[in-house]
Amino acid sequence: PTPMQPCHYSLIQFRPDPAREEGLNVGLVVVRAPGEVSVRTLHSEGLEGVIRRMGGAPTELERLARSLRAFATRLGQLGDATAAGLNGFAACEAGTLELLPAHAVASGDPGRIAEILFPRLVGTEGDTGGREIRRA
């Protein structure tokens, strides 16, 4: 039997002012080659807390939610489900959402690993969102 490929994860961070070097984690992506991707994000209730903590206006909530859904959709369609693929995606994206550098994590099911890491690295405030998994 072939050994399982290791998974890699990256955090999705909301950085309204990139010059300030501060942000809050709003999502997580876990990948395993050749093509498994699991994306989890905060939903409305959790994002309200993010907006408050970052000093934004409540009107920014819908824009952040829309941007995060689009960002997560693009990640879910990632063709290269490796650390290099995540880092390449991060290099091509610009805006208030940033994908942090990829880190190796244990081998296993990306969805299950996301379930374990999400509350530890992103949080559990409000609705912690759904999961998209794409298998090659």
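**Stop 1: the aromatic pair.** Select Phe 71 and Phe 89. This predicted model has 1 aromatic pair, counting Phe, Tyr and Trp rings (six-membered ring for Trp) with centres within 6.5 Å. The ring centres of Phe 71 and Phe 89 lie 5.4 Å apart with planes at 85 degrees, so the pair is edge-to-face (over 60 degrees; under 30 is stacked, the rest tilted). Phe 71 sits in helix H2 (residues 60-76) and Phe 89 in helix H3 (residues 83-92), 18 residues apart. Helices are DSSP runs of H or I, at least four residues; strands are E runs of at least two, and both are numbered from the N terminus. Phe 71 and Phe 89 are both buried (under 20% relative accessible area, 1.4 Å probe, protein chains only).

**Stop 2: the core.** Select Ile 12, Val 26, Leu 28 and Leu 75. These touch the most other members of the largest nonpolar core, which has 37 residues. Such a core joins buried Ala, Val, Leu, Ile, Met, Phe, Trp, Tyr and Cys through side-chain atoms within 4.5 Å. Elements supplying at least two residues each include strand E1 (6-14), strand E2 (24-32) and helix H4 (110-121). H2 gives the largest share, 7 residues.

**Stop 3: H1 against H2.** Select Leu 47 and Ile 51 of H1, then Leu 61 and Leu 68 of H2; they are among the contact residues (heavy atoms within 4.5 Å). The axes, fitted to C-alpha atoms over the stretch in contact, are 10 Å apart at about 120 degrees.

**Reading notes.** Numbering starts from 1 along each chain as its sequence is written. Local features need pLDDT of at least 70 and side-chain atom pairs 80 or more, while totals for chains, interfaces and linings use all residues; side-chain values use heavy atoms, without hydrogens and water.

Methods:
Buried < 20%, exposed > 50% of the residue type's maximum accessible area, 1.4 Å probe, protein only. Axes fitted to C-alpha atoms, helices over the stretch in contact; angles between N-to-C directions.
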